[in-house]
Amino acid sequence: MKAIGPRPVPDRQCLQGILYGLHTGIGWEDLPQELGFRSGMTCWRRIKRWINAGCSTICIGSCLPS
């Protein structure tokens, strides 16, 4: 049986999009799809899921400028 819907975006692509967005300060909806990040909303939902799970707070926090 085949899965219904689009294939999930790999975590690495989402992380790259998240880091790009945090570094440049652009809005999630403005992430350039040409760079391979796919949808900015996908990146936003992924970071939200990771933060709610508690697994990214340290990683993301260490990437932000102090």
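Visitor: Let me begin with a single residue. Is Gln 16 buried, partly exposed or exposed?

Guide: Please keep in mind that this is a predicted model. The label for a residue rests on its relative accessible area: under 20% is buried, over 50% is exposed, and partly exposed lies in between. Gln 16 has a relative accessible area of 39%, so this residue is partly exposed. Gln 16 belongs to helix 1.

Visitor: Which residue lies 7.1 Å from Gln 16 in space, C-alpha to C-alpha?

Guide: That residue is Phe 37. Along the sequence, Gln 16 and Phe 37 are 21 residues apart. Phe 37 is buried, with a relative accessible area of 7%.

Visitor: How many aromatic pairs does a search of the whole structure find?

Guide: The search finds one aromatic pair. Its members are Tyr 20 and Phe 37, with 5.3 Å from centre to centre and 40° between the planes. Planes under 30 degrees apart would count as stacked and those over 60 as edge-to-face, so a pair between these limits is called tilted. The pair of Tyr 20 and Phe 37 is accordingly described as tilted.

Visitor: Which parts of the chain does this pair tie together?

Guide: Tyr 20 lies in helix 1, residues 11–24, whereas Phe 37 lies in the loop between helix 1 and helix 2, the latter spanning 40–53; the pair therefore ties together parts that are 17 residues apart in sequence. As for cover, Tyr 20 counts as partly exposed at 30% relative accessibility, while Phe 37 is buried at 7%.

Visitor: Which residues form a nonpolar patch on the surface?

Guide: The patch is formed by Leu 15, Leu 19 and Leu 22, which together have about 200 Å² of accessible area. Leu 22 is found in helix 1. With a relative accessible area of 33%, Leu 22 is partly exposed.

Visitor: Let us turn to the whole chain. What does its secondary structure come to?

Guide: The chain has three helices and zero strands. Read along the sequence, the pattern is α-α-α.

Visitor: What share of the residues counts as buried, and how much area does the chain expose?

Guide: Of the 66 residues, 24% count as buried. The chain exposes about 5200 Å², of which carbon and sulfur atoms supply 58%.

Visitor: What share of the contacts joins residues at least 24 apart in sequence?

Guide: Among contacts between residues at least 6 apart in sequence, 49% join residues at least 24 apart.

Note on methods
Residues are numbered from 1 along each chain as its sequence is written. This is a predicted model: local features need pLDDT of at least 70, side-chain atom pairs count only at pLDDT 80 or more; totals for chains, interfaces and linings use all residues. Side-chain values use heavy atoms; hydrogens and water are left out. Rings of Phe, Tyr and Trp (its six-membered ring) pair if their centres lie within 6.5 Å; planes under 30 degrees apart count as stacked, over 60 as edge-to-face and the rest as tilted. Helices (H or I, at least four residues) and strands (E, at least two) are DSSP runs, numbered from the N terminus. Buried means under 20% relative accessible area, exposed over 50%, partly exposed in between (1.4 Å probe, protein chains only). Contact means heavy atoms within 4.5 Å. Accessible areas come from the Shrake-Rupley method with a 1.4 Å probe; for residues, only the protein chains shown count as cover. Patches are made of residues with over 30% relative accessible area and no salt bridge: like charges are joined within 9 Å, nonpolar side chains (Val, Leu, Ile, Met, Phe, Trp, Tyr) within 5 Å. A salt bridge is a side-chain nitrogen of Lys or Arg within 4 Å of a carboxyl oxygen of Asp or Glu.
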